[in-house]
Amino acid sequence: MSLKVKQIIIGLLGLLFLLSLVFVQWMEVARKRQEAGLVTHAISIPAKSAACVKCHSESSPGITDHWTGSTHAEKGVGCVECHQAQTGDADAYTHYGELIATIVTPKDCSHCHEEITKEFMASHHAKAGNILASLDNFLAETVEGARVPFNPHSSTPGRDFDIVNGMASVDTGCKQCHGSEIALEGTDGSSITVKDLQPDKNGKPTNLQAVALIKKTNDGRPVLQASSWPNTGIGRLNLDGSLGSCSACHSRHDFSPRRARQPENCGKCHLGPDHPQKEIYEESKHGVAFRDLREKMNLDADEWVLGKDYSQAPTCATCHMSGHSRNGGRITHDPGVRISWTNRPPVSLVMDTDIDGKVITEQDPDDRQKLIHSSWLDKRLEMQQVCLHCHTQNYIDAFYKQYDDFVVNYNEKFAKPGKQLMATLKEQNLLTPKDFDEEIEWTWFYLWHHEGRRARHGASMMAPDYAHWHGMYEVAERFYMELIPQAREIIEHARAEGNEQSAIIVEGVVEGILARPEHEWFEQQKKLAEAAPANTREPVAKDLVEAVESDSDGSAEVNVE
């Protein structure tokens, strides 16, 4: 081979190498542009939706702008395809020649996404609207507002408010995450909901008398009650009998998978003092990694399979919903299938669920086993398949040992004793039947609903500050410094009022709790001081204070044994 031929070959190889570098750089730029949402794709506007797109591009361009960036637009799914209604639908009306409905429900989405809808409808998310009859909702409807309109305390300069809507807090708070019961206004001033319409399996109302009462505008549009709409709560109770709202996670009108995959999407509801999952995630090593590596997460991938499309960090969706390389990339729209404890109630429960997905509370082991359709262990193994993409089995097992121990410690030291104490006070009629009208009820609610949940969620997601300082530290302070003293005050009031028997029963519960080894420390010094001669009590207390103060800078430890 001559020198000239060698030079040509080397030159061609060099050119090929240079072209490959340019191609790789082009691919990386294209990927980043796609992730940043800067890439435009061809859209297909269906004939039926062409007039909608043209009109809304001028009247509400944000809607069409979002839609044109969606997969729906790319695949020819337009406005009418989602909003179309059928003759006989309670909320149907004719709009520029098309019969449509304002609210798109999961039943509508099921026309294309049948299996996903079935999975979602069986989830705890879809049942989130059940809060409408819970203690939380009593807080919003009655404690924070009123279940009936009331007169203003005084005038509002510049505005004319002659009546106060006492349900405002629940309408803009609880319902916006948990979901409202969608209601139409009735011509007689009533609210017409799914309960009134009694829809059949196809979503068509069977109570025609209720349909006849629906109030409509001059152009024939049914009037949605403002207290129930707008609403994208994930457990919304829809007029066609379906539960939930797909747009709670897949925001209309672009329904972006990229957005649904990011933790900020879940933060609309999963944050705050009683369930700060988003803040907990951000504190964890998982959240730290995501913030640092999110540009490498391939968030715009078609499938987004852990272990195939990305492995830099997990998000909420990764752990609870998304597909991964160990399950064939199968996505779930039921986030409960990978959760082994429910930390929502005062006492955490293992997630053994029945055929309907309800947590089993049966105590008898044999009867309980008969009811189990999916066990807590099944769910834990599902989650561990996700964990194994980044952690060894030994690491995972040790984490779950820490988590289980933490939850059991909370349950047994504070939650079960607290629940027993509150139940005894109720049984002995030392509390009124009404919730939140006595201080100890607020104390107990804070202990389990706020601090207790924070602690358990912090432990579940590896956020030590939430597990300890924002969690168990505050649980303990609330228990020892408020719950127990308030219970004792109630006991003394009962005695003063001549109710000695009830006082003795409740006192027995309190003293029985504090006599247990895990609580014995609390009054040990007090008992020692009371047992000591009077002339030695002050020095004992003084020495203890000095010991605590010397330890405040970490220079000494206090031995209270």
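Trainee: What area is buried between domain 1 and domain 2?
Mentor: About 1200 Å², of which carbon and sulfur atoms give 47%. Buried area is the accessible area (1.4 Å probe) that two parts lose on being put together, summed over both. This is a predicted model: local features need pLDDT of at least 70, side-chain atom pairs count only at pLDDT 80 or more, and totals for chains, interfaces and linings use all residues. Residues are numbered from 1 along each chain as its sequence is written, and side-chain values use heavy atoms, with hydrogens and water left out.

Trainee: Which residues of domain 1 lose the most area to domain 2?
Mentor: E119, H125 and C177, together 33% of what the domain 1 side buries.

Trainee: How many salt bridges cross that interface?
Mentor: The rule (a side-chain nitrogen of Lys or Arg within 4 Å of a carboxyl oxygen of Asp or Glu) finds 0 between domain 1 and domain 2.

Trainee: Where do the domains run?
Mentor: Domain 1 is 104-150 + 164-252, domain 2 is 257-393 and domain 3 is 400-531. The bounds come from an automatic or database domain assignment.

Trainee: New topic. Which domains each give at least three residues to the lining of the second largest pocket?
Mentor: Domain 2 and domain 3.

Trainee: And which helix gives the most to that lining?
Mentor: Helix 20, with 6 residues. Helices here are DSSP runs (H or I, at least four residues), numbered from the N terminus.

Trainee: What classes make up the lining of the second largest pocket?
Mentor: 14 nonpolar, 4 polar and 7 charged residues. Ala, Val, Leu, Ile, Met, Phe, Trp, Tyr, Cys and Pro count as nonpolar, Asp, Glu, Lys and Arg as charged, and the others, Gly among them, as polar. A pocket is an open set of points on a 1 Å grid over the protein atoms alone, where a 1.4 Å probe fits, with protein on both sides within 12 Å along at least five of seven lines; lining residues have an atom within 4 Å of a point.

Conventions
Helix = DSSP H or I, 4+ residues; strand = E, 2+ residues; numbered from the N terminus.
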